[in-house]
Amino acid sequence: MKSNKWLMKTEPDVYSIDDLINDGETHWEGIRNYQARNFMMKDMIIGDNVFVYHSNTKVPGIVGLAEVSSKPYPDFFAWDDTSKYFDPKSPEESPRWFMVNIKFKKKFRDVISLTTIKNDPNLQSMLVVKKGMRLSIQPVKTEEYEYIIENYTE
């Protein structure tokens, strides 16, 4: 079975790579965009590699690696009326929102900044550099993934 590669965004003040290191594994909840949800539900498989990307920070960029460690399952935060991810239109009998678990693999010594990615001609087709692209889960081409690993990590 073919393995896919992903970039998953998180705000470090909400959940950082260091939180993932401490937890070892976590559920990736709160996805409330249909396209991102569909990537999870239809294309993600256990073992897929994930770039963990810190957004909404002074230096946004790729900070480490994780891997998908579960099949998609209903995002139970959608049913919790005290959660910021609560969605009354997502009943338990027919859930609208899903999540997967990811587990920590590696923290990079240096952030691979969005500016670095934008300035590298070999990475110009990455979705993260496209104007207006705000998806929290994005596919990454195998060539882009391998290029980043070979050229920007120790």
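Modeller: A definition comes first: Ala, Val, Leu, Ile, Met, Phe, Trp, Tyr, Cys and Pro count as nonpolar, Asp, Glu, Lys and Arg as charged, and the others, Gly among them, as polar. This is a predicted model, in which local features need pLDDT of at least 70 and side-chain atom pairs count only at pLDDT 80 or more, while totals for chains, interfaces and linings use all residues. Residues are numbered from 1 along each chain as its sequence is written, and side-chain values use heavy atoms, with hydrogens and water left out.

Biologist: How do the residues of the lining of the largest pocket divide?

Modeller: The lining has twelve nonpolar, eight polar and eight charged residues. A pocket here is an open set of points on a 1 Å grid over the protein atoms alone, where a 1.4 Å probe fits, with protein on both sides within 12 Å along at least five of seven lines; lining residues have an atom within 4 Å of a point.

Biologist: Which residues lie nearest its centre?

Modeller: Of the 28 lining residues, Lys9, Thr10, Glu11, Ser55 and Ser136 lie nearest the centre. Two or more lining residues come from each of E1, E2 and helix H3 (114-119). Helices (H or I, at least four residues) and strands (E, at least two) are DSSP runs, numbered from the N terminus.

Biologist: Now the sheet. In what order do the six strands stand?

Modeller: The order is E2-E7-E4-E3-E1-E8, in an open sheet with mixed pairing. Two strands pair if DSSP finds at least two bridges between them.

Biologist: Which strands stand at the edges?

Modeller: Strand E2 (25-27) and strand E8 (137-140) do; each has a single partner strand, so one side of each lacks a neighbour in the sheet.

Biologist: What are the partners there, and how many bridges are involved?

Modeller: E8 runs antiparallel to strand E1 (residues 5-10), with four bridges between them; Trp6 has Pro139 as its bridge partner. E2 pairs with E7 through three bridges, also antiparallel, and His27 is opposite Asn101.

Biologist: And how many bridges join E4 to E7?

Modeller: Seven, again antiparallel, with Glu67 opposite Lys103.

Biologist: Changing topic, how many salt bridges are there?

Modeller: The count is seven, taking a side-chain nitrogen of Lys or Arg within 4 Å of a carboxyl oxygen of Asp or Glu. One of them joins Lys107 and Asp18, whose closest N and O atoms are 2.8 Å apart.

Biologist: Which parts does that pair tie together?

Modeller: Lys107 is in strand E7 and Asp18 in helix H1 (residues 17-23), so the pair links parts 89 residues apart in sequence.
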